Amino acid sequence: MRNMLRYLFKPSGNDPDAIKSAYYESVGPTHVTMILAFLAGMIFLVLTFVYPPYFGGTTVLYHQICYVSILSIAAVWMIGCRYAMKDYSSRFHTVFVLNHFLGISLHLWVISLVIVNSLARGTCDTTLFMTVALVVPLCVYFTPIVYFIIAILSNASMAFFLYYMVSMGSIEPNELANFTIFSVFQVVMGVIMSYTRYRLNEQLVTAERQRQEIEMLNKSQNSFFSNMSHEIRTPINTIIGLNEMILREDVSEEVIEDAVNIKAAGKLLLNLINDILDMSKFQSGSMQLLIEPYHTGDMLSDIVGMLWIRAKDKKLDFNVDVSPDIPAELVGDEVRIKQVLINVINNAIKYTKEGSVSLTVQCEMKEDKTCKMIYMVSDTGIGIKSEDIPYLFSAFKRVDETATKHIEGTGLGLSIVKQLVDIMGGKITVNSVYKKGSTFIIEIPQRIEREGSVGKYDFAKAGSTGRKKEYLPKFEAPQARILVVDDNEANLMVVSKLLRDTKVRIDTATSGAEALRKTLNIRYASWTT
């Protein structure tokens, strides 16, 4: 009850946007009504000149004034609306004033028309009473209390006039009875419309509150995933780093086998965490590209090198066909392109039990030193049903779960691929025959860094079938001294051990302040990661 009483005076609550929308929503239907009123007023005004006797002869001037009035009211509304649409800051105030002007003017106009008609004919047409009732929809955008005040005052004034006409014998008493019926109808209809609007307003407020709660929940969820991903990645990187040290040592074959399995499981877990972190970045709008030059051949070699062993472990043929005329150096986000290709190729290997997986790379040259890189990944795997293809890039969605329930993954890989390709300005399409295999076609525009092609490149050398390579440091720098800064002691230990064979002198710091103090007296080599 308290809410309904509050609604009588302020139907849109305290939300400024809700108050404004309550007036904006009236513009469309009311504008149509006023156009019709303008046309009707124009027709009747012409009729007063063409056939004056119909309008009472001596009172034709009063009729003409009434129809000129409705033309003026409609003109003021349409001109005012046109002005309101130009200036956003004045829309609310303009429409607010126009609504009240329109409601009051129409009530006065109907009263005036009833009076003029009764003077002209000595009767009040039922159509005029119906017009009084039909004014209600035009006034529904008032606050309910304002509507009731206007309706009661207009009906009371009309009833007084009709009572006076009956007492003078100018009209029949049943005309007053008819008007009373239509007045009650008008008020009841107004009450029903006001209550309907009240219930609708409640539902809108509830829906808005729920939307805000869902939005806050999504933000909290994204923040949680992002924070947890960062926190989980730290110990995982430590485990992978220490495991790498075990693989570098001269240990038994059994220890090596266990370490290799730990490395594979650790990388899988790290990929899952990275998928969750990337998805939270997309949802929060914080995903950004790092655009810089990169060597095309080296990038493809890294990808083939990472996935060749996995294909060989499943006894799959891994075919690589790179067009020799693709540019040797391009400009783009190498890391994200790698992520896209690794995800798609890794999926192809996962869902292929026998046969082959193929990577084909082509280039479509364009003007202004740009080209469209086309990567095609084909497999002879389980394929995709045609009805499942529209859902292939949906997050947390795995199609044909009966056939894929034993395959690991979060269901985020292809969703992330699609979003990464989109933000790089490319597109990804898929062709598939169920139980026969699939082909993913990825097109990404890139800028050419310099002239020259990659030529013939032996990507087979990038793969390796060995379980363990003899570790050899890529460089030695006994004169170099570096400072490693991290707030996690385990990470500092891992970095120090991984760089031990390079003979680089390593200092560590666990905070920015400590790092700055050390740089005051020691000149460190410039090296950032």
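This is a predicted model: local features need pLDDT of at least 70, side-chain atom pairs count only at pLDDT 80 or more; totals for chains, interfaces and linings use all residues.
Mentor: Two strands count as a pair if DSSP finds at least two bridges between them.

Trainee: In which sense do strand E6 and strand E7 pair?

Mentor: Strand E6 covers residues 427-433 and strand E7 covers residues 437-448. Seven bridges link the two, and a pair needs at least two. The sense of their pairing is antiparallel.

Trainee: Which residue in E7 is the bridge partner of Lys427?

Mentor: Lys427 belongs to E6, the strand of residues 427-433. Its partner therefore lies across the pairing, in E7, if the two strands meet the criterion of at least two bridges. In E7, that partner is Glu443.

Trainee: Which residue in the hairpin of E6 and E7 takes a positive phi?

Mentor: Three residues stand between the two strands of this hairpin. A phi near 70 degrees is found there, and the residue that takes it is Lys435.

Trainee: What is the handedness of the crossover from E8 to E9?

Mentor: Strand E8 (residues 481-485) and strand E9 (residues 505-509) run parallel and are joined by five bridges. Within this pairing, Val484 stands opposite Thr508. Between the strands the chain passes through helix H14, residues 489-498. This β-α-β crossover is right-handed.

Trainee: At roughly what angle do the axes of helix H11 and helix H13 cross?

Mentor: Two packed helices are described by the angle and the distance between their axes. For H11 (residues 334-350) and H13 (residues 413-423), the axes come within 10 Å. H11 passes H13 in a left-handed crossing. The angle between the axes is roughly 145 degrees.

Trainee: How many residues of the contact of H11 with H13 are nonpolar?

Mentor: From H11, the contact includes Arg336, Val340 and Val344; from H13, it includes Leu414, Ile416 and Leu420. Four residues of the contact are polar and one is charged, whereas the nonpolar residues number seven.

Trainee: What is the average pLDDT of the protein chain?

Mentor: A score of at least 70 is reached by 76% of the residues. Over residues 7-16, however, the pLDDT is below 50, and residues 462-467 are also below 50. The chain average is 76.

Methods:
Residues are numbered from 1 along each chain as its sequence is written. Side-chain values use heavy atoms; hydrogens and water are left out. Helices (H or I, at least four residues) and strands (E, at least two) are DSSP runs, numbered from the N terminus. A crossover is right-handed if, with the strands pointing away from the viewer, the path from the first strand over the helix to the second runs clockwise. pLDDT is the predictor's confidence in each residue, from 0 to 100. Contact means heavy atoms within 4.5 Å. Axes are lines fitted to C-alpha atoms, for helices over the stretch in contact, and angles run from 0 to 180 degrees between N-to-C directions. A crossing is left-handed if the near helix is turned anticlockwise from the far one by less than a right angle, and right-handed if clockwise. Ala, Val, Leu, Ile, Met, Phe, Trp, Tyr, Cys and Pro count as nonpolar, Asp, Glu, Lys and Arg as charged, and the others, Gly among them, as polar.
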